[in-house]
Amino acid sequence: MRVSEPVTTQSDRLDDRLRRQIRDRGPMIFRDWMEAALYDPQAGYYCRPSERWGRRGDYRTSPERSPLFAATMARYLNGLYETLGRPLRWTILEAGAGAGQFAAGLLNSLEQRFPDTFAATHYVVDEQSPAASASARVRLAKFGKRVDYGRLGAQSFNEPTVIFSNELLDSFPIHRVMLVEGELRELYVTLADTPEYIFVPGPLSTPELAEYFELVGIHLTHDDQIADVNLAAAAWLAKMTANLSQGYLITVDYGAEATELYGHPNRKRGTLRAIRRHEFRDPLTDPGENDLTTTVDWTYVKRIGAGLGLKTVDFQRLDQFLLHAGLLTELEVMTERASNEAEKASLRASAREMILPGGMADSFQVLVQKKEGD
């Protein structure tokens, strides 16, 4: 018998609601189950108050691991500002900004190292979690009216804009598709005779799933092979471009091209992962308590972007991108300014982690897409 960790009252209510929905309406597509588990307003993983980041949380992100990440991105963004002709005002919008760690590091670096760029910068924090957004407001209070808070879609940007996201696309709810006797079937969530959730195959919930495979040029060939399809990435890109008159999208995440994603022998069961306290768990346990994530299909993101008028201007591993963007220069600047040897040692160690083979940045990629002005 599997023994689960105690869960919160909020998660109990979400679990009860999901079970009641399945009993009343029948099996639900996994995409809807995952959306509730992550984004339910009261009990979803990303919406409830909790400590998700850091050693005591479930995962750690690049901005947490080292201030060098934000400093190097500030240097890169300063270059984009120059490329855009040094406008009197430009916007940096961070989608999925979390508690504002990256925003604080970036704005501090721009203010200290590139004051002209900083003076023109209008920063927008786009964060769905009320708890994380509240933390960001406190962390970024010193920047005053230079920083706004709001969901993308409620505003458009007429000035040049950079939209930045870090580990956002991997958290979108996904459809799970399986090949059954040569036919594409979608995986639904239902209840077993025991209290556990289980997957069962059913009809495709949308023709967009078959269209997805045509777009990326992939045909599943092995029965029972599972493919995790992130249609939400296309909707996100469409929303980005609708609000962007001129500028760039910078997307940092871990992913693979479609051929590798669906052809690799270790990915025959898909890439869905559930993480809690830095450990992998069963994705269908304790909805609202686990971080659910999948590997991004870069082929899909780039082809959808091209159809929306976005030109890919850079795509490379994060470690290579950071080196080309000037990480070693920023390391030198920051170590000179460090107040003690321990701080210098920490900076050097974090730099090694980001650029040496096998480090965190080795498995991440950066996609830079450009939209020309009308």
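Modeller: Gladly, and please keep in mind that this is a predicted model. Let us begin with salt bridges: a search of the whole structure finds 17 of them.

Biologist: What makes Glu330 and Arg75 a salt bridge?

Modeller: Their side chains come to 3.2 Å, N to O. The cut-off is 4 Å between a side-chain nitrogen of Lys or Arg and a carboxyl oxygen of Asp or Glu, so the pair qualifies. Glu330 belongs to helix α13 (residues 327-337) and Arg75 to helix α4 (residues 67-83), so the bridge ties together parts that are 255 residues apart in sequence.

Biologist: Why is Glu330 called buried, and what is Arg75 called?

Modeller: Buried means under 20% relative accessible area, and Glu330 has 2%. Arg75, at 29%, counts as partly exposed, because that class runs between 20% and 50%.

Biologist: How do you know that Glu159 and Arg89 form a salt bridge?

Modeller: The N to O distance is 3.6 Å, and the limit is 4 Å, so this pair also passes. Glu159 sits in the loop between β4 (147-149) and β5 (161-166), and Arg89 in the loop between α4 and β2 (90-95), so the bridge joins parts that are 70 residues apart in sequence. With 17% relative accessibility, Glu159 counts as buried, while Arg89, with 45%, is partly exposed.

Biologist: Which residue does Arg281 bridge to, and are the two partners buried or exposed?

Modeller: Arg281 pairs with Asp286, their closest N and O atoms being 3.3 Å apart. Both partners are buried. There is also a network of salt bridges, which links Arg31, Asp32 and Glu35.

Biologist: Now the rings. How many aromatic pairs are there, and why is the pair of Tyr45 and Tyr46 called edge-to-face?

Modeller: The search of the whole structure finds 17 aromatic pairs. For Tyr45 and Tyr46, the ring centres are 5.1 Å apart and the planes stand at 80 degrees. Pairs need centres within 6.5 Å, and planes over 60 degrees apart count as edge-to-face, so that is the name for this pair. Tyr45 and Tyr46 are both buried.

Biologist: What makes the pair of Phe213 and Tyr262 tilted?

Modeller: Here the centres are 6.1 Å apart and the planes are at 55 degrees. Stacked would need under 30 degrees and edge-to-face over 60, so the pair is tilted. Phe213 is in helix α8 (residues 208-216) and Tyr262 in helix α10 (residues 258-263), so the pair ties together parts that are 49 residues apart in sequence. Both Phe213 and Tyr262 are buried.

Biologist: Which residues do ring pairs link into a cluster, and which charged end sits over the ring of Phe199?

Modeller: The cluster is made of Phe30, Trp33, Tyr197 and Phe199. The charged end of Arg176 sits over the ring of Phe199, 5.3 Å from its centre.

Biologist: Why is Gln225 called buried, and what does Gln225 touch?

Modeller: Gln225, in the loop between α8 and β9 (226-229), has 3% relative accessibility and therefore counts as buried, the cut-off being 20%. Leaving out residues up to four places away in sequence, Gln225 touches Val177, Met178, Leu179, Leu220, Tyr262 and Lys268.

Notes. Residues numbered from 1 in each chain as written. Heavy atoms only, no water. Helix = DSSP H or I, 4+ residues; strand = E, 2+ residues; numbered from the N terminus. Buried < 20%, exposed > 50% of the residue type's maximum accessible area, 1.4 Å probe, protein only. Phe/Tyr/Trp six-rings, centres within 6.5 Å; stacked < 30°, edge-to-face > 60°. Lys NZ or Arg CZ within 6 Å of the ring centre and 35° of its normal. Contact = heavy atoms within 4.5 Å.
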